[in-house]
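Have the structure open and follow along.

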Amino acid sequence: MILDVVIFYGAALVALVSGLFVIAQRSPINSAFSLIITMCSLAVMFAMLGSGFIAALQVIVYAGAIMVLFLFVIMLLNTKQDEGDRGGGIGRAGIALGIILAVQSVMVVWKGAAGLPAKHAVTVSADVGRGLFASPRYLYAFEATSILIISAMVGAIVVARKEKEKGK
Amino acid sequence: MPNLDTLYTSTLGGFQAAHDGFVQVALAVSAFLFVIGAVGVFIRRNVITVMMCIELMLNAVNLAFIAFSRAHGTIDGQILVFFVFTVAAAEAAVGLAIVIALQRNREDLDVDSFNLLKG
């Protein structure tokens, strides 16, 4: 069928263009909206690659929760616009690093990933749940993740809390 | 109402023939998104934009995980993406708390102005 090719390549193109807009925009709020578009088109690519559960999580967790947190903070702080790109050594080093990384990744993907098969068919949420919980393989990683989340929660509250006035 | 999993499987089931080239395209998109995020970390001044570039790099890595999960026929790539989601959520929560504290104490979000630890 031609429809799936059109959807997949269209999503890939939208992801790349809006990804470029993330770093090309002056104001952070435009970057945030571009990033939301990138994440939604990446979700389309996940679904076309057969990972429907992860595609749903991508929309719910990333585009829905994390980016809303970003937008909330941007609007709360009402930040000024970015005054142009960073010049000087760090800016030039970033451009040089980008060129080197791009050349390397083109070489690796062109040579190394050619002819990779698409073995696995379509997986659903039950398959992910079975992979995660059916064997004790991910037991420690899962428990460590819960510790990470609770410490991040406590840390965020402690850092963002308003300091009490001295002497009270 | 039909089961969503069944609906998804039957919709994508008709698409199986042309999927072989998708893995390489997904890896190329992943690599370029990672490069865009890495360059953005260096050239942007605003702390919030820099954090969004980090999220962009995490997303690019997620796409590579999904593509390799597809290529190798195992579910482990998707489970690692699951863990990356939780780490990204924790990172965003703590990072944005630091941004709020910075704005409250310094009233400035330019990364060049935070050089207290510079030797």
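Start with the contact between the two chains, to which chain A brings 92 residues and chain B brings 79 residues. Keep in mind as you look around that this is a predicted model. How big is the area buried between chain A and chain B? It comes to about 7800 Å², and carbon and sulfur atoms give 74% of that. If you want landmarks on the chain A side, pick out A:I23, A:F70 and A:R86: these lose the most area to chain B, though together they make up 9% of what that side buries.

Now for the polar side of things. There are 12 residue pairs in polar contact between chain A and chain B, counting pairs with both residues at pLDDT 80 or more. The salt bridge count between the two chains is just 1. To find that bridge, go to B:D76 and A:R137, whose side chains meet with N and O 3.3 Å apart.

Which helices of chain A supply at least two residues each to the side that touches chain B? They are α1 (3-24), α2 (28-48), α3 (52-77), α4 (88-112), α5 (125-133) and α6 (139-160). Of these, α3(A) provides the largest share, with 14 residues.

Last stop: salt bridges over the whole structure, where the total for all chains is 3. One of them pairs A:R130 with A:D127, with the closest N and O atoms 3.4 Å apart. Both residues sit in helix α5 of chain A, 3 residues apart, or about one turn of the helix.

Methods:
Residues are numbered from 1 along each chain as its sequence is written. Chains are lettered from A and ligands numbered from 1 in the order in which they are written. This is a predicted model: local features need pLDDT of at least 70, side-chain atom pairs count only at pLDDT 80 or more; totals for chains, interfaces and linings use all residues. Side-chain values use heavy atoms; hydrogens and water are left out. Contact means heavy atoms within 4.5 Å. Buried area is the accessible area (1.4 Å probe) that two parts lose on being put together, summed over both. A salt bridge is a side-chain nitrogen of Lys or Arg within 4 Å of a carboxyl oxygen of Asp or Glu. A polar contact is a pair of N or O atoms within 3.5 Å; within protein, one must be able to donate a hydrogen and the other to accept it, and residues adjacent in sequence count only if both atoms are side-chain atoms. Helices (H or I, at least four residues) and strands (E, at least two) are DSSP runs, numbered from the N terminus.
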